[in-house]
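Subject: Structure handover

Hello,

Here is the structure I said I would pass on. Please open it next to this email and follow along.

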Amino acid sequence: MPKSLDRQLRNAAQSQLDQLKRQVGEPTSAIGWAYVGDTPDADALFVSGASGAVADPADAVDRALRPYRITNVQTIDAGELGGEARCGRGRTEAGSYLTACGWADKETIGVVAFVSSRPQGDRTNEFLRVRNELERTAA
């Protein structure tokens, strides 16, 4: 998906990024972008992450997911990069379907949120691919 130039979508990703940066003290790197498909009902993807020092990864991932309108948050396998990871599902204020997944380890924290006009299945694999790409790019 291409990066979105829509101010409202970019502001949503930036708002989450600001919250994540506060959790790492002095961030050493950060990203906050929205991506969207090129059709009117295309899925959107929000990616926010920061690196620095994360004192308590379990608590940090819980705080990172708090702003999202999700329920039934489940712990998932954090993948090869380790740490804590959780995903939950819900709806946006506009009624779109939302899956938000967050992770935290001793050096990074982030959230990947999938928004769609249609119900979503399990997005764990996509979340892990995005996280791997983000952390590889930052390394």
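Below are the notes on what was found, grouped by topic.

This is a predicted model: local features need pLDDT of at least 70, side-chain atom pairs count only at pLDDT 80 or more, and totals for chains, interfaces and linings use all residues. Residues are numbered from 1 along each chain as its sequence is written, and side-chain values use heavy atoms, with hydrogens and water left out.

Disulfide

A search of the whole structure turns up 1 disulfide (a pair of cysteine sulfur atoms within 2.5 Å). The partners are Cys87 and Cys101, with their sulfur atoms 2.0 Å apart. Cys87 belongs to strand 4 (residues 84-91) and Cys101 to strand 5 (residues 97-104), so the bond ties together parts that are 14 residues apart in sequence. Helices (H or I, at least four residues) and strands (E, at least two) are DSSP runs, numbered from the N terminus. The torsion about the S-S bond of Cys87 and Cys101 is about 110°, so this disulfide is right-handed. Both Cys87 and Cys101 are buried. Buried means under 20% relative accessible area, exposed means over 50%, and partly exposed is in between (1.4 Å probe, protein chains only).

Salt bridges

Side chains of opposite charge can pair when their charged atoms come close. A salt bridge here is a side-chain nitrogen of Lys or Arg within 4 Å of a carboxyl oxygen of Asp or Glu. How many salt bridges does the structure hold? There are 6 salt bridges, including the ones below.

- Asp43 and Arg118 pair through their side chains at 3.4 Å, N to O. Asp43 sits in the loop between strand 1 (29-36) and strand 2 (44-51), and Arg118 in the loop between strand 6 (108-116) and helix 3 (124-138), so the pair ties together parts that are 75 residues apart in sequence. Asp43 is buried, at 19% relative accessible area, whereas Arg118 is partly exposed at 40%.
- Asp105 and Arg131 pair at 3.0 Å, N to O. Asp105 is in the loop between strand 5 and strand 6 and Arg131 is in helix 3, so this pair ties together parts that are 26 residues apart in sequence. Asp105 is buried, with a relative accessibility of 12%, and Arg131 is buried too, at 0%.
- Arg123 pairs with Glu126, and their closest N and O atoms are 3.7 Å apart. Arg123 is buried at 16% relative accessibility, while Glu126 is partly exposed at 26%.

Helix packing

Helix 1 (residues 7-23) and helix 2 (residues 57-65) pack at an angle of about 160°, and their axes are 10 Å apart. Axes are lines fitted to C-alpha atoms, for helices over the stretch in contact, and angles run from 0 to 180 degrees between N-to-C directions. Helix 1 and helix 2 are therefore roughly antiparallel to each other (angles over 145 degrees count as such). On the helix 1 side, the contact is made by Gln16, Gln19, Leu20 and Gln23; on the helix 2 side, by Ala60, Arg63 and Ala64. Contact means heavy atoms within 4.5 Å.

Single residues

Most residues other than glycine have a negative phi. Asn72 is not a glycine, yet has a positive phi of about 50°. Asn72 is found in strand 3 (residues 70-75) and is exposed, with a relative accessible area of 62%.

Ile31 is in strand 1 and is partly exposed, at 23% relative accessible area. Not counting residues up to four places away in sequence, Ile31 touches Leu17, Val47, Ser48, Gly49 and Leu134. The C-alpha atoms of Ile31 and Asp122 are separated by 24 Å, and the two residues are 91 residues apart along the chain.

Trp33 is also placed in strand 1 and counts as partly exposed at 26% relative accessibility. Leaving aside neighbours within four places in sequence, Trp33 is in contact with Lys3, Ser4, Arg10, Ala13, Leu45, Phe46 and Val47. Between the C-alpha atoms of Trp33 and Asn72, 39 residues apart along the chain, the separation is 26 Å.

Regards

Methods. Angles under 35 degrees count as roughly parallel, over 145 as roughly antiparallel, 65 to 115 as roughly perpendicular and the rest as oblique.
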